[in-house]
Amino acid sequence: MRCVVVLVLTLVWCGAAAQIGGISAYEFLNAPNSATVAALGGHHIALMDDDITLANRNPSLLNPSMHGKVALSHAFLPSGINNSYLGYARYREELRTTFQAGLQYINYGGDLVRRDATGQALGDFSASEFALSVGAARQIEERLSVGVNVKVLASQLAGYNSLGLGLDAGVHYQDTTGRFQISLLARNFGRQLTHYGDAREPMPFELQLGIVRELKYLPFRFSVVYRYLDRWNVIYDDPNAEDNSTLTFLGEQQTGGRGAGAVFFDNLARHFVVNGELLIGKQRNLSARIGYNHGLRRELRLTDFRSGAGYSFGFAWQTRRFSIAYGRGTYHLGGGVNQLSLGTTIR
């Protein structure tokens, strides 16, 4: 346990100077890798069950119930963009350890046009990225488990290439009833081994804290994820912005100058992702899901139009032999992104 604490503190210290706002390399790692994650606000790190796609985000969620599980997920993005994930897990009883391997791949489409500084077309180009991960987790105490994912990262953008190594480290705890779970996760720690140009870019590191609570007398569980524990200010200060309005959780626009209190609460709210899941049926094999990501809503909002950015929903259905999950997240006024995941067991 002492080694885990030292590792987490080291990751926090090393990531404290990292940046956000699209200047990091390998930002595709923050894209939802499954329909479950997409439906629940884009971040879901504290639920330990048999869904191996969650273990790709938080390795400490790996557990024996994932033995032999295979999952395939695909996001139907516009303009020919593809975002897919494939994962497999296996439990080794003699080691008391669960292992997983996963591949997340994104292709940005084949109709990208290269242009010079004057806008003249110079031909087409391609862009793609992938992350190949292997991970392991084990229970070190009755209710406490730890896990690590190691990722090989590769990116090809218009002839520029980058190779990197990433690391996820997590600690997970659940109470004796199983209705309360909490996780501490350090994501995307690492560095570029080769970079696109002359300068090395930072990794999209962040420290997250997540809780899951299931109600005692109602088949409903909710989750809260607090992002960027390692930094406070997550607001991009645009010096050219003329809109000083604020947006509440309910979506109302409040115009006028922003005081210190408004800025404080807006920044605080951007750290949170909240979601809920209703479990239906005697076997609880059908679930309805909804999520809200305030930071995403603020970053993707439009000044003159309302949109569903930041909201997400979906469902999951599971049988003894296979599972299917659907998630939809809204990122723009023009529409959302549908994501579908399929799972089965291979013994």
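A residue is called buried when its relative accessible area is under 20%, exposed when that area is over 50%, and partly exposed in between. By this rule R221, whose relative accessibility is 13%, counts as buried, and E277, at 4%, counts as buried as well. The model is a predicted one, and in it R221 forms a salt bridge with E277, in which the closest N and O atoms are 3.1 Å apart. Because R221 belongs to strand β11 (residues 220-226) while E277 belongs to strand β14 (residues 272-280), the pair ties together parts that are 56 residues apart in sequence. The contact also has a further partner, for R221, E277 and R289 are linked in a network of salt bridges.

Another pair joins D50 and K69, whose side chains meet in a salt bridge with an N to O distance of 3.6 Å. Here too distant parts of the chain are linked, since D50 lies in the loop between α2 (35-39) and α3 (52-57), whereas K69 lies in strand β1 (residues 69-76), the two being 19 residues apart. The relative accessible area of D50 is 23%, so D50 is partly exposed, while K69, with a value of 16%, is buried.

The side chains of R92 and E94 likewise meet in a salt bridge, with 2.2 Å from N to O. A search of the whole structure finds 10 salt bridges, among them the pairs of D50 with K69, of R92 with E94 and of R221 with E277.

How values were computed: Residues numbered from 1 in each chain as written. Predicted model: local features only at pLDDT ≥ 70, side-chain atom pairs only at ≥ 80, totals over all residues. Heavy atoms only, no water. Salt bridge = Lys/Arg side-chain N within 4 Å of Asp/Glu carboxyl O. Helix = DSSP H or I, 4+ residues; strand = E, 2+ residues; numbered from the N terminus. Buried < 20%, exposed > 50% of the residue type's maximum accessible area, 1.4 Å probe, protein only.
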